[in-house]
Amino acid sequence: MTATTIEPAAGEQPAARRPRVPTLVRFLAKRIAITIGLLWGVTVVTFALVHVVPGDAATANLSEQALNDPAVVAAYRAKWGLDQPIWLQYLHYLQNLLHGDLGTSQQTGRPVLTDLVQYVPATLELAVPSMILALVIGTAVGMLAAVRHGRASDQVVRVGSLLGLSTPPFWLSLVVLYLFFYLLGVSPSGGRLSPQFAPPPSVTGMYTVDAALAGQWAAAWDAVQHLVLPVLVLTCLTVATLIRFVRSAMLEVLQQDYIRAAYAKGLPTRTVLGRHLLRAGLVPVITVSGLAFASLLSGTVLVENIFGWPGLGQYAFRSATGLDLPSILGVSLFVALVYTVVNLLVDLLYGLIDPRIRLS
């Protein structure tokens, strides 16, 4: 097929070319628009769900004696705007949100944004090492199981990952606490620091990092010891999912013709696994890893409560039980934003790992 071009007539100026918007800019603009719509939808659904639940923040937070006094209940509802129509409450919330104000928590009495800045680093301190360990272990074990497909080691890995997926987080947390704290006495029971240590000066909000930056090495080591058990539980729960995905993805790649051709050419197994199998199999693994990390940030409620870890999960749990609407909305928006950003990073990583995948 031959392409044809139309030359401008004599004396006619060629039409000015419309500036072309780079693909990456269009892609990011589209994702930002989707994110804004998603966050707005989260506010609508969360606001509606909280108001569907019987009762309100007054009945959830006031004592029985205060609830028997109508004047106290009316004053509480007037203070937090609960006496206004629902649509007016929502419009007021949206107006404040557009100015960067997430509202004030009815339980802590502080701005929700201040609470999130305090609680999110504690959860990150759990989620980041758990995710790194799960990625390393899950990729290595899943790849090994795929290469040894059908053998005894593959069966052991499959059973182990199935047990990991079937284990409730609270049960595993209680077991490791009983074993390492009560029986062996080699690990602290919970919290972020032992009572003899004061929290280090806040820089990142992560005690291990802040204590190291302040040169408080004893406190840093104590903070690391408090991390071990909850990180162990979260790693076990995450690695089970990753192993199954890695094994499945690698098995699919192993059946491709170019892998057979690589073996037929006599390439060493290490070269085939490292250069071809790992690179191709990482694309689906990145997807599930991104979702797993976002899930770690938002789904550590039970683990944080059992280990007394003052993180986002514990804050969300207290907000939900107290029907603290501004806090619930703040946590929901943060979690939705994390999922969106993680998915965006995953999409961008696709092109780096596999050049055949482009943003277009």
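User: Which side chain does R110 meet in a salt bridge?

Analyst: R110 pairs with D115, at 2.6 Å from N to O. This is a predicted model. The general idea: side chains of opposite charge can pair when their charged atoms come close.

User: Are R110 and D115 buried or exposed, or in between?

Analyst: Read the relative accessible area. Buried means under 20%. D115 has 0%, so D115 is buried. R110 has 29%, so R110 is partly exposed.

User: How many salt bridges does the structure hold?

Analyst: It holds three. Take R192 and E125: their side chains meet at 2.8 Å, N to O. R192 lies in the loop between α8 and α9 (207-213), while E125 lies in helix α6, so this pair ties together parts that are 67 residues apart in sequence. R192 is buried, at 8% relative accessible area. E125 is buried too, at 4%.

User: What about D154 and R247?

Analyst: Their side chains also meet in a salt bridge, at 2.8 Å from N to O. D154 sits in helix α7 (residues 152-166) and R247 in helix α10, so the pair ties together parts that are 93 residues apart in sequence. Both residues are buried.

User: Now the nonpolar core. Which residues touch the most other members of the largest one?

Analyst: L126, V176, V233 and F307 do, in a core of 33 residues. Next, ask which helices supply it. At least two residues each come from α6 (112-147), α8 (169-183), α10 (217-254), α12 (269-298) and α15 (325-353). Helix α10 gives the most, with nine residues. Apart from this core lies another, of 19 residues, among them L116, V120, I328 and V331.

User: What is L126 in contact with, beyond its neighbours within four places in sequence?

Analyst: L126 is in contact with L227, P230, V231, L234, E304 and W309.

User: Where is R31 found, and what does R31 contact?

Analyst: R31 is in helix α1 (residues 23-52). R31 has a relative accessible area of 16%, so R31 counts as buried. Leaving aside neighbours within four places in sequence, R31 contacts T340, N343, L344 and D347.

User: Which residues does UniProt list for "transmembrane region"?

Analyst: The unreviewed UniProt entry lists residues 32-53, 126-147, 159-184, 227-246, 280-307 and 327-353. Compare such a record with the model. Residues 126-147 are 100% helix and 0% strand, with end C-alpha atoms 32 Å apart. Residues 159-184 are 88% helix and 0% strand, with end C-alpha atoms 28 Å apart.

Key. Residues are numbered from 1 along each chain as its sequence is written. This is a predicted model: local features need pLDDT of at least 70, side-chain atom pairs count only at pLDDT 80 or more; totals for chains, interfaces and linings use all residues. Side-chain values use heavy atoms; hydrogens and water are left out. A nonpolar core is a set of buried Ala, Val, Leu, Ile, Met, Phe, Trp, Tyr and Cys residues joined through side-chain atoms within 4.5 Å. Buried means under 20% relative accessible area, exposed over 50%, partly exposed in between (1.4 Å probe, protein chains only). Helices (H or I, at least four residues) and strands (E, at least two) are DSSP runs, numbered from the N terminus. Contact means heavy atoms within 4.5 Å. UniProt positions are given in the numbering used here, feature names are shortened, and annotations may be inferred rather than shown by experiment. A salt bridge is a side-chain nitrogen of Lys or Arg within 4 Å of a carboxyl oxygen of Asp or Glu.
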